[in-house]
Number of protein chains: 4
Amino acid sequence: MKEKVRMGMVGGGKKAFIGAVHRMAASLDGLIELSCGALSSDPANAIASGKELFLPEDRIYTSYKEMIIAESKLPQSERMHFVSIVTPNNLHFEPAMLALENGFHVLIDKPITFSLAEAKILKQKATETGLMVCLTHTYSGYPMVKQAKQMVADGKLGKIRKVVVEYPQGWLSLPADADNKQAAWRADPSKSGISGCMADVGTHAAHLAEYISGLQITKICADLNIVVENRLLDDDGNVLLKFNNGANGVLFASQIAAGEENAIKIYVYGEKGGLEWHQMEPNTLTVKWLDQPMQIYRTGNGYNSEIAKYNTRTPSGHPEGYLEAFANIYKNFAQTIMAKQIGEEPSAAMLDFPNADDGIRGMAFIENVVASSKSDQKWFDFKV
Amino acid sequence: MKEKVRMGMVGGGKKAFIGAVHRMAASLDGLIELSCGALSSDPANAIASGKELFLPEDRIYTSYKEMIIAESKLPQSERMHFVSIVTPNNLHFEPAMLALENGFHVLIDKPITFSLAEAKILKQKATETGLMVCLTHTYSGYPMVKQAKQMVADGKLGKIRKVVVEYPQGWLSLPADADNKQAAWRADPSKSGISGCMADVGTHAAHLAEYISGLQITKICADLNIVVENRLLDDDGNVLLKFNNGANGVLFASQIAAGEENAIKIYVYGEKGGLEWHQMEPNTLTVKWLDQPMQIYRTGNGYNSEIAKYNTRTPSGHPEGYLEAFANIYKNFAQTIMAKQIGEEPSAAMLDFPNADDGIRGMAFIENVVASSKSDQKWFDFKV
Amino acid sequence: MKEKVRMGMVGGGKKAFIGAVHRMAASLDGLIELSCGALSSDPANAIASGKELFLPEDRIYTSYKEMIIAESKLPQSERMHFVSIVTPNNLHFEPAMLALENGFHVLIDKPITFSLAEAKILKQKATETGLMVCLTHTYSGYPMVKQAKQMVADGKLGKIRKVVVEYPQGWLSLPADADNKQAAWRADPSKSGISGCMADVGTHAAHLAEYISGLQITKICADLNIVVENRLLDDDGNVLLKFNNGANGVLFASQIAAGEENAIKIYVYGEKGGLEWHQMEPNTLTVKWLDQPMQIYRTGNGYNSEIAKYNTRTPSGHPEGYLEAFANIYKNFAQTIMAKQIGEEPSAAMLDFPNADDGIRGMAFIENVVASSKSDQKWFDFKV
Amino acid sequence: MKEKVRMGMVGGGKKAFIGAVHRMAASLDGLIELSCGALSSDPANAIASGKELFLPEDRIYTSYKEMIIAESKLPQSERMHFVSIVTPNNLHFEPAMLALENGFHVLIDKPITFSLAEAKILKQKATETGLMVCLTHTYSGYPMVKQAKQMVADGKLGKIRKVVVEYPQGWLSLPADADNKQAAWRADPSKSGISGCMADVGTHAAHLAEYISGLQITKICADLNIVVENRLLDDDGNVLLKFNNGANGVLFASQIAAGEENAIKIYVYGEKGGLEWHQMEPNTLTVKWLDQPMQIYRTGNGYNSEIAKYNTRTPSGHPEGYLEAFANIYKNFAQTIMAKQIGEEPSAAMLDFPNADDGIRGMAFIENVVASSKSDQKWFDFKV
């Protein structure tokens with residue numbers, strides 16, 4: 001019998017921005033239930049946060065270890081199906097490994113781990129256990145991104161020649177405010193890893209470029225910058241790209257682009273046409289042709305591809321946003337879990353969520369751009 | 001003790017568009033639980049729909065009467081707190097009255113009832129019982145609409161002189177497709193009432209104009225049209241407006257504006273400046289000044305008013321959409337219910353949802369525009 | 001032999017805004033030479049203005065009468081071909097009549113005359129003399145407006161059902177500044193005529209609606225307003241429209257729409273699709289379809305109609321503006337004069353400029369909206 | 001006495017795109033007269049083109065040498081004041097040198113010469129003769145570009161940290177059409193020089209970046225590409241930048257960005273805010289702040305800087321375009337010539353046109369990006 005998918009959350013207590021986003025995304029479609037949580041490493045906060053979220057008291061845990069072990073002992077009809085890990089980067093790997101080892105699927109906020117090596121081990125563990133790892137590269141969850149990917153895959157633009165992806169933000173333009181919890185851990189190498197801006201947002205840009213184009217980055221030339229004095233990690237960077245089909249590209253990401261909100265956008269050019277998508281107006285996909293008027297594809301219309309429609313909730317003109325894109329990842333992941341629960345084969349549409357392989361490429365992106373940036377040599381092979 | 005707010009739904013079975021929207025809006029914030037439902041007047045569909053939504057079998061009802069009576073007999077800690085009514089217009093009044101009579105708050109999709117007379121009775125019943133009626137005029141739920149309202153209320157634009165509100169849609173450009181359930185009931189006077197387009201979308205436009213401007217329509221001159229042959233109700237209409245402070249205005253609504261999606265937009269002009277908001281790009285509010293550069297207010301920024309922030313879930317640049325606006329109505333309504341449950345006074349921000357008074361003005365709008373349209377006289381007093 | 005077309009200007013001395021615009025428009029294509037002028041009713045200003053424009057001293061006149069008589073005595077190879085009249089509305093008719101009587105074509109800034117009666121006499125005189133009258137309804141000079149007109153004429157949108165045309169400006173939001181020469185005469189009934197805003201900008205809106213749609217307004221219901229205290233003429237107005245094919249519409253114009261620049265825009269909806277054009281981004285024409293992605297037509301592309309291309313000077317992406325649209329009227333008028341000079345039949349493209357008939361409809365628009373606005377009756381026949 | 005400035009044109013005969021643009025730009029303001037021309041190297045075309053432009057027969061020349069020598073013998077009150085050179089790149093230097101040697105100012109379409117060496121000699125000659133060289137980097141002629149430059153110079157954005165300039169075009173996406181005269185010479189190294197795309201449009205982008213930011217490029221890392229098979233010159237390229245104040249940047253230019261028109265745009269970020277300008281909507285300048293709503297500056301408003309207003313012809317909302325920007329260069333150059341003619345010192349506003357120094361930096365840009373692109377080393381010093 002079909003049942004709601006039960007989620008246990010690691011991290012995401014009070015004041016944690018991304019945890020709340022994950023919960024809203026998980027709730028939206030009525031397919032997933034927040035069943036338990038280890039919401040903070042501070043026990044008092046963990047308990048208070050759990051109560052605020054109406055969790056039953058016996059399923060409010062004060063550590064991820066406690067939660068995973070306790071849940072694994074519950075009857076199958078009660079225990080959680082998957083763990084959602086929304087902690088800082090340095091705290092992804094261990095709970096994810098433990099969850100897999102105890103039979104739970106895992107969903108992780110990006111970047112997948114602290115290092116590429118960890119990511120590979122995690123992938124290996126998932127393969128061994130037959131369990132799934134889902135990664136929240138949110139921007140690939142938008143219907144118009146899926147429409148773009150499909151149009152490229154269908155050859156509408158011809159062979160891809162150039163990909164430009166830009167991700168300017170301005171929120172770290174000033175030295176970090178001590179009160180800003182979000183800014184604080186991202187700027188701390190012991191929590192964030194070897195990169196700041198490129199890990200936090202550059203990985204989204206790289207994933208989006210590969211997701212839509214269907215190509216892989218093979219060479220890079222990176223210039224990472226620390227613009228605000230006394231920062232320890234890059235807060236800005238520009239990267240020249242080469243793709244596996246010979247296409248060239250540019251990626252830049254910045255957190256010191258003063259006045260920008262969250263302006264990730266992408267341009268893909270092929271032999272026959274180009275396309276343009278801006279996350280801040282996500283329901284519009286502009287498609288440009290060599291000799292015909294531009295076309296504006298919009299979310300929710302009948303002319304869109306099946307995969308775009310599958311990831312759409314409202315009729316055209318009723319805008320979908322960031323939470324809906326995020327929810328598409330949760331929904332597809334949950335539907336895959338449900339299908340497996342009842343012994344069915346998940347469809348290709350259900351399986352369309354970022355996974356451990358995407359996580360590995362993301363960690364490789366971080367390690368490669370950092371290494372390239374330090375090198376005097378122009379082109380640097382993208383190694384995984 | 002705080003507990004999740006429990007919702008029972010009337011209507012909204014399989015294939016019903018707006019029911020699913022209501023459920024997503026109700027789920028988003030984790031404050032409301034779908035506890036029971038009478039999801040269709042067809043018992044088989046009611047049961048199948050309830051199962052699909054993971055409702056417990058004993059709380060899947062086959063009629064709203066059954067649901068209201070049965071729920072009223074459950075212990076207070078289990079029974080629903082409010083009824084959400086998402087049926088066609090002719091089926092709003094009776095379940096709403098029965099719910100109020102049995103001690104349940106009510107949330108209704110707009111327009112509130114089939115006639116102005118019904119709306120007044122409903123309001124009277126709510127007043128008698130001390131229960132609340134909430135109405136889903138979704139567009140007033142957007143953060144930037146609330147920002148606009150606040151700026152007008154704060155006198156930023158000076159005295160308001162002109163309000164233009166436009167609501168073009170194109171989805172009824174062709175004679176209704178027999179398969180289109182949405183189109184079918186809206187075109188049927190026995191289900192929709194005395195108006196088609198003006199009831200369905202014109203009421204949203206009128207509400208938005210009054211909500212942002214803080215004014216009331218006092219005179220109208222309406223021209224309603226049946227553009228597609230053989231329709232029984234208006235599918236288009238234009239209305240000249242006068243407001244209670246002497247401002248003039250224009251409202252038009254159309255469902256035969258071919259190629260338009262759901263393009264409700266509003267322009268408000270005062271002595272000192274003007275503002276412009278387009279629902280299809282809802283996170284942007286353009287504010288224009290007599291002698292300074294235009295300003296673009298965007299959802300999620302620190303410079304916004306408290307009421308805008310209260311209704312925002314994501315940081316700037318992470319677009320919110322239609323479902324989030326819809327969810328703001330549910331969230332505020334639920335928070336008001338919660339506050340009352342624990343004996344607290346709900347805040348002004350919690351109480352900021354459309355209510356029975358808005359419903360009465362909406363029904364008056366419908367009746368007045370239909371009467372004005374039939375009249376040869378230019379100006380027609382807006383009577384409530 | 002082909003020669004440049006020689007222009008004599010009436011009005012347009014120093015500080016006159018529109019005179020300078022006319023001269024730039026006339027100069028742009030190198031087809032027209034400013035040969036003489038009676039640039040001000042103040043002789044000293046007329047002479048100083050003529051010198052500043054490098055006019056030969058003997059062709060700087062101090063009154064239009066002097067100019068027309070003197071020029072008519074020059075040899076045909078020297079004398080001006082046409083008179084450009086850029087004075088306030090009350091000073092259009094007499095110089096225009098005198099010019100026609102003395103064998104000169106006439107170009108007049110809109111509205112064509114002070115009253116409908118004058119316009120009819122002027123048309124009659126033009127017919128008698130076989131001379132041409134050109135009227136500068138600038139907005140019909142834009143390439144994308146011509147593209148829109150052609151697409152409607154070709155039936156691309158099917159039968160037209162609705163036309164909405166809006167012309168908000170904000171520059172008269174405050175009581176007129178004594179220094180503002182432009183504002184001063186427009187607010188003075190002895191110079192402007194029976195209407196302010198509707199004469200000044202409403203006529204442009206009405207012309208644009210009829211030009212693109214190919215329809216004629218047959219009934220109106222007007223609400224003209226004096227918003228700023230102590231004004232003598234309307235500074236704002238809203239009009240319901242009916243067209244000769246049964247289509248309905250809305251026109252509004254305002255000069256108290258605080259913060260608006262010159263935001264004339266139009267929406268035309270037919271059975272099969274709709275189109276949208278905004279003058280402030282004039283190189284973009286949005287075309288919307290029932291079941292296909294929107295299309296964006298842009299100036300300068302090969303896919304545009306011949307008439308759009310004929311009125312385009314630069315390749316796509318090199319934006320054309322207001323002066324180029326204005327210059328298209330001058331260019332087409334000049335080419336028609338040139339063709340007639342050498343005994344050739346002007347092409348349809350050359351003849352595509354507003355003429356005395358458009359002027360008559362413009363004056364009728366003014367008189368009808370003023371009369372309708374005073375009437376208590378809803379619908380008012382548009383009489384010419 | 002003030003007189004119109006007389007221009008002689010080299011190149012620009014029938015079918016030459018840019019020659020016509022130069023003539024329209026020169027004509028617009030009524031300050032410059034086309035007095036003579038050597039419009040084609042084909043004598044028959046030169047003569048036919050001259051007649052079409054209404055040139056007197058004795059001033060239609062069949063070679064630039066003939067023109068310069070003949071004009072230098074005319075009385076000062078008749079002979080041309082400057083030569084406008086609108087030939088392919090390989091034909092700029094010789095006529096420019098001859099003009100300077102014979103006492104004529106020179107205006108040249110960009111890039112200034114065929115090589116950096118030539119540019120330096122030309123500059124030297126101008127210095128020796130005291131004559132001026134003007135270069136048509138059109139995009140710096142737009143009012144909103146001047147507004148941007150002024151705001152940066154005034155410190156409104158704080159210290160500049162990042163500059164991104166992008167120039168995608170799509171018109172060379174296909175192998176060049178044999179009929180396309182524009183495409184043909186640009187693809188021919190003997191006419192265009194060592195670079196295609198970077199010389200043709202990359203130089204505009206580099207100039208715009210330095211013009212607005214007030215900075216100079218000091219290091220580059222270039223990746224030039226030949227995307228369409230069998231081309232001899234780059235049709236696409238991406239460049240990482242460092243500026244003399246430590247700011248970083250990205251420049252890309254492409255002529256194979258399928259479906260793009262002429263989409264040059266720039267983003268400049270400083271400590272306090274950022275700005276964004278798109279040439280295709282040139283009357284809008286977006287200014288973004290750390291903690292205030294974005295502002296939209298628009299051409300023609302009173303709040304703009306003096307230099308922006310000085311370069312504006314129409315009131316706000318009456319869009320200016322490419323030809324007006326181009327005309328600003330001609331107008332400022334002509335006013336400088338006029339001032340010098342009557343012995344006055346030209347104002348800073350008059351002198352605000354690109355000159356030989358800009359030409360030298362443009363040629364250096366070309367030579368440096370080509371060299372950098374061939375190098376394996378990441379950073380390459382920008383040498384002039």
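Contact means heavy atoms within 4.5 Å. That cut-off serves the core described next.

## Model and conventions

This is a predicted model: local features need pLDDT of at least 70, side-chain atom pairs count only at pLDDT 80 or more, and totals for chains, interfaces and linings use all residues. Residues are numbered from 1 along each chain as its sequence is written, chains are lettered from A and ligands numbered from 1 in the order in which they are written, and side-chain values use heavy atoms, with hydrogens and water left out.

## Nonpolar cores

A nonpolar core is a set of buried Ala, Val, Leu, Ile, Met, Phe, Trp, Tyr and Cys residues joined through side-chain atoms within 4.5 Å. Buried means under 20% relative accessible area; exposed is over 50%, and partly exposed lies in between (1.4 Å probe, protein chains only). The largest core has 221 residues. Ile212(A) and Ile212(B) have the most contacts inside it.

Ile212(B) touches Val145(B), Ala148(B), Lys149(B), Val152(B), Ile266(B), Val268(B) and Leu275(B), leaving out residues up to four places away in sequence. A second, separate core holds 220 residues. Met198(C), Leu241(C), Leu31(D) and Tyr139(D) are among them. In soluble globular proteins, nonpolar side chains tend to be buried together.

## Aromatic pairs

Rings of Phe, Tyr and Trp (its six-membered ring) pair if their centres lie within 6.5 Å. Planes under 30 degrees apart count as stacked, over 60 as edge-to-face, and the rest as tilted. The count comes to 40 aromatic pairs over all chains. Tyr142(C) and Trp277(C) make a tilted one, 5.2 Å centre to centre with 55 degrees between the planes. Tyr142(C) lies in the loop between strand 5 (133-135) and helix 6 (143-153) of chain C, and Trp277(C) in strand 11 (residues 273-278), so the pair ties together parts that are 135 residues apart in sequence. Helices (H or I, at least four residues) and strands (E, at least two) are DSSP runs, numbered from the N terminus. Both Tyr142(C) and Trp277(C) are buried.

Tyr142(D) and Trp277(D) also form a tilted pair, at 5.2 Å and 55 degrees. Both of these residues are buried. In chain A, ring pairs link a cluster that includes Phe82(A), Tyr142(A), Trp277(A), Tyr322(A) and Phe353(A).

## Charges over rings

A charge sits over a ring if NZ of Lys or CZ of Arg is within 6 Å of the ring centre and within 35 degrees of the ring normal. Lys149(A) lies over the face of Tyr211(A), 4.4 Å from the ring centre. In chain C, the charged end of Lys149(C) sits over the ring of Tyr211(C), at 4.5 Å from its centre.

## Cysteines

A disulfide is a pair of cysteine sulfur atoms within 2.5 Å. The whole structure has zero disulfides over all chains. The closest cysteine sulfur to that of Cys221(D) is in Cys221(A), 3.6 Å away, too far for a bond. For Cys36(D), the closest is in Cys134(D), at 17 Å, again too far. Cys36(D) is buried, at 0% relative accessible area. Cys221(D) is buried too, also at 0%.

## Chain symmetry

Chain C can be laid on chain B with an RMSD of 0.0 Å, by a turn of 180 degrees and a shift of 0.0 Å along the axis. That is the relation of a two-fold axis. Copies are superposed by least squares on the C-alpha atoms of residues with pLDDT of at least 70 in both. Within chain C, Lys378(C) comes closest to the rotation axis, at 2.0 Å (C-alpha). The same surface serves both copies: 100% of the contact residues of chain C recur in chain B.
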